[in-house]
Amino acid sequence: MANSQAMCTSFKQDLLNGLHAFGTSVVRAGTGADTFKGALYLATGSVGAATAAYSATNEVTGANYTATGATVTNATAPTTSGTTAFWTPSASLTWTTVTLATAFDALLLYNSTAAGKNSVAVYTFGSQTVTAGNLTLTMPTNDSSTGLLRLA
Amino acid sequence: MALSSEDEPLIYTTLGNIPVSGLDYSTYWEITDDTIKFTEVYKQDEEIVKSSSHIYFLKPTPDLNLFQGEF
């Protein structure tokens, strides 16, 4: 078996687990998994790749929606398949009996444990409102091709 | 046991709890490459008094591609 140039798959999983620090190491609260949250943003907002941290600017407001969003259920640790590392929340994100009257179309996933509330990713789903009803964001299949976070 | 009129199912709306039978109910789907969205709408006299959405992420993008440099 010959040597082969590659980025190690285990490294990708380690990134999701916060093991490596090429820069100045951050101070973590502990060795447990961080808490992640999902916040909803108005369609007139501009969250995206340049969004470094959670902000209340352009976050939705309405009955039964709490600013900073909902906590993500994280019962399944990152894993790998083939050369891809992946992670997916282990339950849907839900808001019950909410009224979000101004159109929104984006979810910001961010680290709520980190002091800076650092961003992870933004997901869009088409502009909409909710009236005295429920919003459910059902997570994709947790695998290397559809997981919510995939390091390929 | 038969239901009396007082047992008519109610549903929570912007107008409070009202009989579901008095509302117009409609649904629609939006399907894209990334999501499937199912929306339910209840109307009374053309006014939306309740709506819910259920969104399924099919294959969220973007994924992160890591590139290995060479020397």
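Strands here are DSSP E runs of at least two residues and helices are H or I runs of at least four, both numbered from the N terminus.

A note on what I'm looking at: this is a predicted model, where local features need pLDDT of at least 70, side-chain atom pairs count only at pLDDT 80 or more, and totals for chains, interfaces and linings use all residues. Residues are numbered from 1 along each chain as its sequence is written, while chains are lettered from A and ligands numbered from 1 in the order in which they are written.

S3(A) and S4(A) run antiparallel and are joined by three bridges; two strands count as paired if DSSP finds at least two bridges between them. Next I checked the sheet, which is open, antiparallel and made of three strands in the order S3-S4-S7 of chain A. Its edges are S3 (79-81) and S7 (149-151) of chain A, each pairing on one side only. Neighbouring strands in this sheet are turned by 30° against each other on average, direction ignored. Helix H1 (residues 9-16) of chain A packs on the sheet and touches S3, S4 and S7 of chain A, its direction making about 25° with that of S4(A). For angles, axes are lines fitted to C-alpha atoms (for helices, over the stretch in contact), and values run from 0 to 180 degrees between N-to-C directions.

**The core**

I then looked up the largest nonpolar core, which has 30 residues. Such a core is a set of buried Ala, Val, Leu, Ile, Met, Phe, Trp, Tyr and Cys residues joined through C-beta atoms within 7 Å. Buried means 20 or more other C-beta atoms within 10 Å of a residue's own, exposed means 12 or fewer, and partly exposed is in between, with C-beta atoms placed from the backbone. The residues with the most contacts inside this core are A:Tyr41, A:Ala106, A:Leu107 and A:Leu108. Both chains contribute: S1 (36-42), S4 (84-87), S5 (93-111) and S6 (119-138) of chain A, together with S5 (47-57) of chain B, each give two or more residues. S5(A) supplies the largest share, 10 residues.

Leaving aside neighbours within four places in sequence, A:Ala106 is in contact with A:Tyr41, A:Gly45, A:Val47, A:Val122, A:Tyr123 and A:Thr124. Contact means C-beta atoms, placed from the backbone, within 7 Å.

**Where the chains meet**

I found 25 residues of chain B in contact with 27 residues of chain A. On the chain B side, S1 (10-13), S4 (35-44) and S5 each give two or more residues, and S5(B) gives the largest share, 10 residues.

**Chain B by itself**

I counted zero helices and five strands in chain B. A compact globule of 71 residues would have a radius of gyration near 11 Å, but chain B has 21 Å; the radius is taken over C-alpha atoms, and the globule rule is 2.2 Å times the number of residues to the power 0.38. Along its principal axes, the C-alpha trace of chain B spans about 80 × 30 × 20 Å. Buried residues make up 15% of the 71 in chain B.

Last, I checked S3 (residues 24-31) of chain B: zero of its eight residues are buried, so this strand lies largely in the open. A hairpin joins S3(B) to S4(B) through three residues. Eight bridges join these antiparallel strands, S3(B) and S4(B), and B:Trp29 has B:Phe38 in S4(B) as its bridge partner.

How values were computed:
Two residues are in contact if their C-beta atoms, placed from the backbone, lie within 7 Å.
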